[in-house]
Amino acid sequence: MPFKPVEQPKCPKCGKSVYAAEEMLAAGQKWHKNCFKCGLCHKSLDSTNATEHGGELYCKQCYGRKFGPKGYGFGGGAGTLSMDTGAHLGNTETTMSNKPSDPYYG
């Protein structure tokens, strides 16, 4: 009977094999320690501060900024409501302008 090697799990970030000595577990997958970083700020993560969304890892702070509640009372304040488009977090869905939309003020 031929020997069949055990297939090692692949890291979702780099696609390479993950061995037991270097694995980190999150979102039901095994990651390399060097790949176990926030998708926005690139801070190294551990099991206590890692969250996952859409197959990407985030620290809790960046996850809250990108996917958490928006609006007054959620850490932004009035200035953020009127000017912050979230572009620095990769948000491309919001189109905002500080120009009035009323044709009489145009």
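## A tour from the whole chain to single residues

Read along the sequence, the protein chain follows the pattern β-β-β-β-α-α, in which helices (H or I, at least four residues) and strands (E, at least two) are DSSP runs numbered from the N terminus. The model is predicted, so that local features need pLDDT of at least 70 and side-chain atom pairs count only at pLDDT 80 or more, while totals for chains, interfaces and linings use all residues. Residues are numbered from 1 along each chain as its sequence is written, and side-chain values use heavy atoms, with hydrogens and water left out.

Begin with the whole chain shown as a surface. The protein chain exposes about 8,200 Å², of which carbon and sulfur atoms supply 54%; accessible areas come from the Shrake-Rupley method with a 1.4 Å probe, and for residues only the protein chains shown count as cover. Of the 106 residues, 18% are buried, where buried means under 20% relative accessible area, exposed over 50%, and partly exposed in between (1.4 Å probe, protein chains only).

Next, select Ala27, in the loop between β1 (23–26) and β2. The phi of Ala27 is near 55°, a positive value in a residue other than glycine, and Ala27 is partly exposed at a relative accessible area of 43%. Most residues other than glycine have a negative phi.

Move on to His42, which is placed in the loop between β2 and β3. His42 also has a positive phi, near 65°, and with a relative accessible area of 53% it is exposed.

Stay in the loop between β2 (29–32) and β3, and select Asn49. Asn49 counts as buried because its relative accessibility is 19%. Its side chain reaches the backbone nitrogen of Asp46 at 2.8 Å. Leaving aside neighbours within four places in sequence, Asn49 is in contact (heavy atoms within 4.5 Å) with Lys43, Ser44, Tyr58, Cys59 and Lys60.

Finally, select strand β3 (residues 50–53) together with strand β4 (residues 56–59), which run antiparallel and are joined by four bridges; two strands pair if DSSP finds at least two bridges between them. Within this pair, Glu52 stands opposite Leu57 in β4. Two residues lie between the strands of the β3 and β4 hairpin, where Gly54 takes a positive phi near 60°.

Key: Polar contact = N/O pair within 3.5 Å; in protein donor to acceptor, adjacent residues only side chain to side chain.
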